[in-house]
Amino acid sequence: MQYYDEKSKHILINYVSIFLIMVIGLAVGGYQSYLNFKHEFQQQATHQISAIAKLKINNLESWRMERMGNAEFLSQNSILTSLIEKFLQDPQDTETKDRLFSRLESARISYHYRRVFMLAPSGVERISSPATSETIDPHLLAEITPTLAAGKVRLFDFHQHQDKTIHLSILIPIYANQNINQPLSIIVLDIDPNTYLYPLLNQWPIPSETAETLLLRRDGQTVLYLNITRFNKNSAMALRSPLTKTELPAVKAALGQTGTAIGVDYRGVPVLADMRSVPNSPWFLVSKIDIAEVFAPLRARVWETLAFIGITALAISTSLIMLWRQELLHFYRAQAEAAAALQASNEKFEKAFMLSPDAININRLQDGVYISINNGFTTLTGYTPSEVAGKASLDLNIWANPQDRQRLVEDLQKTGTVTNLEAKFRVKNGAMKDGLMSASILEINGAPHIISITHDITERIQAEKALRESEEKFRNLFNNAKIGMFRTRLDGSEMVEFNQKYLQILNYTAEELKFVPSASLWADPREREEMIKLLKTKGHATDFECNMLNKQGEIKKCVMSMHLYPETGMIEGSIQDITERKMAEEARRESEERYRAVISNAPLIAFIIDPQGVFTLSEGKALKNLGLQPGQVVGQSAFDLYHNYPSIIAAIKNSLSGQPTRNETEVEGTVFDVIYSPIFNAEGTVVKVIGVANDITIRKQAEKKILHLNVELEKRVRERTEQLQNANKEMEAFNYSVSHDLRAPLRGIDGWSQALLEDYQDQLDEQAQEYIHRVRAETQRMGHLIDDMLQLSRLTRVEMTKKQVNLSAIAQAIAERLKQHEPQRQIHFNIQTDLCAECDSHLMEAALANLLENAFKFTSKCAAAQITLGQTEVEGERAFFIRDNGAGFDMNYAQKLFGAFQRMHKESEFPGTGIGLATVQRIIHRHGGRIWAESKIGLGTTFYFTLPPFPPT
Amino acid sequence: MKPKNILLVEDNISDIGLTKRALQKSHIVNQLVVAEDGLDALEYLFKTDPQTGQTVNELPALILLDLKIPKLDGLQVLRRIRADERTSRLPVVILTTSSEEDDIAQSYDLGANSYIRKPVDFKQFVTAVQHLGLYWLVMNEPAPPKKR
């Protein structure tokens with residue numbers, strides 16, 4: 001029944017909608033026509049108002065031209081001018097005055113001037129028509145001077161006199177006929193706007209309640225109303241509107257706007273206005289009419305329209321109601337027929353529903369509550385209708401995955417039906433069932449429901465799954481096996497199946513191997529025949545070693561195990577590559593033999609200790625030093641064997657903890673240098689310690705001996721050094737004595753000999769005096785000897801400081817000194833500049849001084865002595881030389897030259913101590929150099945010496 | 001006023017005689033006082049009157065000091081002279097036979113005013129003494145004694 005109500009409501013809504021649409025259409029049409037009317041009226045009013053405005057502008061313009069033309073005529077009238085001249089010459093001349101008056105009067109009357117009068121340039125009134133006692137308004141007086149200056153007719157626009165009357169005046173300047181520069185007077189035509197202008201403006205050609213015309217002039221920041229307005233009788237020259245109120249048409253006009261516009265007038269009433277400016281004047285004209293008046297006819301039209309719409313709407317609604325009733329009747333009849341048909345169909349389906357072997361259930365879509373279930377449902381799930389009544393499928397927890405229901409509902413909402421959805425269900429006893437489900441949306445009492453049919457596929461699913469898993473397991477096993485696996489045929493054709501490892505062993509890709517006959521993979525066909533024979537007789541072959549060929553044709557040593565299925569001729573088998581294993585075995589064996597040979601013959605002990613400290617290896621020749629055989633201690637604990645040697649125990653423990661260790665240990669009189677190297681596995685754990693013990697007993701003994709010798713040697717060196725130091729000290733003491741003690745008596749001998757000479761001169765004969773002189777000379781010679789000896793010995797002791805020394809500079813200085821010493825001598829020093837050497841400057845100065853003094857001495861008998869210092873090369877070595885052209889010596893005695901106290905010449909010829917050259921030699925030798933001499937008697941001597949460079953430090 | 005003494009510290013009789021002779025030959029009129037060893041020299045310089053607390057001998061104008069003398073050697077004597085305020089400014093000329101660099105350096109380090117090596121040639125010796133006396137006794141302006 002509810003459904004029927006719904007349906008009839010629906011029909012009603014349709015009709016109401018149609019009615020509303022039509023009424024709205026009417027209303028819109030009516031409004032549109034209203035707008036059209038409104039526009040039309042406004043247009044009409046605008047035309048009207050601008051036509052009237054144009055008319056008024058024309059009137060105003062022609063009025064102005066007329067007035068100005070009239071005035072122009074008067075100003076250029078020479079007869080009038082003559083009359084005025086005459087009147088001014090004699091104002092008392094009645095006749096002239098009358099004639100002038102009548103001229104003015106006739107002008108006034110003809111053109112409706114309020115008054116016509118004449119003023120002197122000073123502003124004094126001369127004559128007036130009509131004659132009045134009015135005073136002249138000051139505003140007018142102010143206009144006189146500008147008018148006379150301009151020299152032409154001027155209109156003095158609307159102005160107010162002191163008596164509040166409003167005037168317009170035309171000022172006509174009159175100049176003398178003979179002299180146009182001489183102003184005679186001014187004629188003033190005084191106009192009363194009330195006479196013509198105001199009536200003209202106020203008049204409206206068609207009847208109107210509100211229409212009027214405004215004449216305006218801009219005055220500063222305001223607009224001034226010049227005429228009397230319709231609604232304000234006092235407006236003329238009094239009413240003003242500020243220019244800021246631009247909504248006023250009057251202001252708009254004053255601001256130069258023209259055309260028609262809607263605005264607000266001085267009363268604040270909305271108006272339609274036409275705005276114009278009056279040509280050749282400061283005036284603006286606004287013609288306006290109230291909006292209300294313009295649109296007055298519109299109101300009547302509105303009412304008419306509304307009435308039309310109302311009547312039409314009423315007619316429509318009546319016809320619609322009739323149509324609606326008709327349709328409702330039809331509908332109810334059809335409903336009744338359908339209900340009967342449904343009843344029959346329902347019974348049919350009810351039976352099918354209940355008897356289906358599959359589970360069928362109907363649930364509300366909204367919450368999943370069971371509405372109805374069949375027997376099949378009870379069979380499948382164990383739930384009876386009373387158990388599910390009022391419960392939802394989720395309440396029963398029947399969905400193993402509640403998302404499945406979610407998915408079902410979503411799919412249903414999308415497409416309306418779902419077919420063959422597989423889902424898991426939890427039945428009443430808790431078991432899981434697989435169901436294949438189809439469902440559809442079913443509308444019951446207007447609410448959506450789900451009808452679903454579920455077929456039990458539990459057994460099928462389980463069987464499929466088991467099969468799949470088994471298949472997959474074996475497939476994985478096959479593919480991932482670490483040995484090659486294959487299936488092939490006995491006839492040697494292409495491989496049927498093979499795994500990754502198989503490909504890897506023979507270095508093929510799967511694609512390549514597909515086309516390779518299996519027989520061609522054998523390196524030796526005889527091996528294959530042997531294999532086939534084995535298979536045929538025994539049905540299988542186990543650990544069959546054979547040579548296979550890989551893709552590159554290299555032989556791979558393999559081991560195969562195979563099984564033959566005689567009925568299909570199919571071979572199934574596995575294969576392993578043992579090439580590397582074979583090679584590794586070989587290599588290992590060789591390596592082991594090699595190492596064993598090395599270790600066994602090496603003079604050391606090699607051993608391996610496991611983490612428990614047990615020896616697993618002990619080899620090497622040095623074992624016999626300990627009285628052990630190779631391998632004797634294997635299996636024994638090092639901790640037990642060496643418990644008396646804490647250093648060994650500590651070293652083993654330390655190395656087992658991962659620290660490489662080295663120590664020296666003495667075992668039974670033999671000293672070993674032992675290196676313990678821990679060996680780690682991949683996890684970083686010590687798996688063993690490899691040790692090497694080196695017998696260093698002999699080396700140790702040698703070391704001890706060397707140590708002892710070193711100590712001995714040092715002691716001896718110390719003793720010798722001491723002795724040497726003592727000798728040096730003695731030497732120094734001796735030198736000191738020589739210098740001090742030997743010289744003192746000499747001085748005494750010399751001194752007292754001199755005293756003898758001085759004090760006893762008169763008692764000594766010449767011979768005695770000569771002897772005493774001899775004594776003194778010898779004494780002094782001995783002093784010199786002592787001095788030279790001292791210098792020589794000192795040279796061996798002073799410390800040398802070597803640096804770069806300019807020998808030339810030193811030699812030059814010595815030469816200068818020598819020359820000063822004996823300035824009378826003819827001697828030439830030829831010293832090569834900038835001879836440098838690394839040496840001790842003090843010592844070399846002494847050496848050069850000795851050599852140069854020598855040369856100086858031995859050239860003393862030469863007429864032109866030459867002494868040269870230079871540099872040359874001797875046997876590849878740099879050598880300095882000092883050459884003189886002096887006495888020279890016999891080269892036979894050259895070897896004695898550098899000995900102390902050795903002299904080459906007689907004392908009487910060349911005095912000297914014979915120590916100088918010994919000194920020089922000692923200095924040169926201390927520098928590591930050599931010195932020698934070349935000489936020829938009478939021709940001179942050359943001394944050569946070398947100063948080797950520093951040994952680089 | 002009597003000129004101040006010259007103190008000669010020297011043990012060699014011959015040298016003493018020659019020095020005296022050299023001074024006479026140089027017309028140096030100052031009295032020559034001779035101390036034959038280091039102790040004698042110091043006693044002459046610092047001997048004090050127990051009553052007055054004043055030194056007995058007037059300080060000499062110049063000390064000629066040999067280095068190699070018995071008991072205290074010349075350098076030790078020089079050190080004492082320089083260490084005592086009364087004598088620290090006295091001119092001391094080392095007059096010796098040694099020309100060892102060490103001796104020269106130490107002498108100057110200890111405050112010797114001059115170092116003269118006695119030449120063997122007596123004429124040269126006379127000349128040296130002459131110059132020495134002329135310089136130290138005539139030309140040189142002596143240092144004022146230190147105020148106590």
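Biologist: Hey, how much space lies in the largest cavity?
Modeller: About 230 Å³. Phe607(A), Phe615(A), Leu626(A), Tyr642(A) and Ala693(A) are closest to its centre, out of 17 lining residues. A cavity here is a set of points on a 1 Å grid over the protein atoms alone where a 1.4 Å probe fits but cannot get out, and lining residues have an atom within 4 Å of a point. The volume is the space filled by probe spheres set on the points, which are joined across faces, edges and corners.

Biologist: What kind of model is this?
Modeller: It's a predicted model, where local features need pLDDT of at least 70 and side-chain atom pairs count only at pLDDT 80 or more, while totals for chains, interfaces and linings use all residues. Residues are numbered from 1 along each chain as written, chains are lettered from A and ligands numbered from 1 in written order, and side-chain values use heavy atoms, leaving out hydrogens and water.

Biologist: Back to that cavity: what classes of residue line it?
Modeller: 15 nonpolar, two polar and no charged residues. Nonpolar covers Ala, Val, Leu, Ile, Met, Phe, Trp, Tyr, Cys and Pro; charged is Asp, Glu, Lys and Arg; the others, Gly among them, are polar. β25(A) gives the largest share of the lining, three residues. Strands (E, at least two residues) and helices (H or I, at least four) are DSSP runs, numbered from the N terminus.

Biologist: And the second largest cavity, what's its volume?
Modeller: About 180 Å³. Nearest its centre are Asn361(A), Tyr370(A), Trp399(A), Met437(A) and Ser452(A). Its lining has 10 nonpolar, six polar and one charged residues.

Biologist: Switching topic: how many residues does each chain put into the contact?
Modeller: 23 from chain A and 23 from chain B, where contact means heavy atoms within 4.5 Å. About 2,100 Å² is buried between them, with carbon and sulfur giving 49%; that's accessible area (1.4 Å probe) lost on putting the two together, summed over both.

Biologist: How many salt bridges are there across the interface?
Modeller: Five, counting a side-chain nitrogen of Lys or Arg within 4 Å of a carboxyl oxygen of Asp or Glu. Arg776(A) pairs with Asp121(B) in a salt bridge, their closest N and O atoms being 2.8 Å apart. On the side of chain A that touches chain B, α19 (697–759) and α20 (766–797) each give two or more residues. The largest share, 16 residues, is from α19(A).

Terms used: On a 1 Å grid over the protein atoms alone, a cavity is a set of points where a 1.4 Å probe fits but cannot get out, and a pocket is an open set with protein on both sides within 12 Å along at least five of seven lines; lining residues have an atom within 4 Å of a point.
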